[in-house]
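I would like to walk through one model slowly, with the conventions spelled out as we go.

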Amino acid sequence: MLRILIKEGENIDRALKRYKRKCKNVKLVQEIRGRKQYVKKSVKMREQIKKAQHKARYIREHSDDI
């Protein structure tokens, strides 16, 4: 449960913006969406490996630019 303390005289829009940013940072929405349906461990692992390969390829290609 995320809590946002509203300061004295703070605009509600500003507090709502802080709440949304905090939700995004803790990846709460992604976790809830991910739990809507079951994903086998092998499929999760395959996605992680694919993501790691993509990230490694991206770093390798863009390391020449530096």
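What we have here is a predicted model, in which local features need pLDDT of at least 70 and side-chain atom pairs count only at pLDDT 80 or more, whereas totals for chains, interfaces and linings use all residues. Residues are numbered from 1 along each chain as its sequence is written, and side-chain values use heavy atoms, with hydrogens and water left out.

The chain has three helices and zero strands, where helices (H or I, at least four residues) and strands (E, at least two) are DSSP runs numbered from the N terminus. The order of elements from the N terminus is therefore simply α-α-α.

How does the radius of gyration of the chain compare with that of a compact globule of 66 residues? The chain has 19 Å, while such a globule would be near 11 Å; the radius is taken over C-alpha atoms, and the globule rule is 2.2 Å times the number of residues to the power 0.38. Along its principal axes, the C-alpha trace spans about 50 × 40 × 15 Å. As one example of spacing, Cys-23 and Glu-47 are 24 residues apart along the chain, and their C-alpha atoms are separated by 24 Å.

Turning to burial, I call a residue buried under 20% relative accessible area, exposed over 50%, and partly exposed in between, with a 1.4 Å probe and protein chains only. Buried residues make up 3% of the 66 in the chain. Cys-23, in helix 1, counts as buried because its relative accessibility is 9%.

The accessible surface comes to about 7,000 Å², with 54% of it belonging to carbon and sulfur atoms; these areas come from the Shrake-Rupley method with a 1.4 Å probe, and for residues only the protein chains shown count as cover.

On charge, there are 22 positive and 8 negative side chains, and the centres of the two sets lie 8 Å apart. Lys and Arg count as positive and Asp and Glu as negative, without His or the chain ends, and each charge is placed at NZ of Lys, CZ of Arg, CG of Asp or CD of Glu.

Two surface patches deserve a look, patches being made of residues with over 30% relative accessible area and no salt bridge, with like charges joined within 9 Å and nonpolar side chains (Val, Leu, Ile, Met, Phe, Trp, Tyr) within 5 Å. Lys-7, Arg-14, Lys-17 and Arg-21 form a positive patch, and Lys-7 itself lies in the segment before helix 1 (12–26). The nonpolar patch, of about 310 Å², is made by Val-26, Leu-28, Val-29 and Ile-32, and its largest share, three residues, comes from helix 2 (residues 28–34). Val-29 is partly exposed because its relative accessibility is 38%.

How many salt bridges does a search of the whole structure find? There are two, the criterion being a side-chain nitrogen of Lys or Arg within 4 Å of a carboxyl oxygen of Asp or Glu. Arg-18 pairs with Glu-10, with the closest N and O atoms 3.2 Å apart, and Glu-31 pairs with Arg-35 at 2.8 Å.

Finally, Lys-27, in the loop between helix 1 and helix 2, has a positive phi of about 55° although it is not a glycine. Most residues other than glycine have a negative phi.
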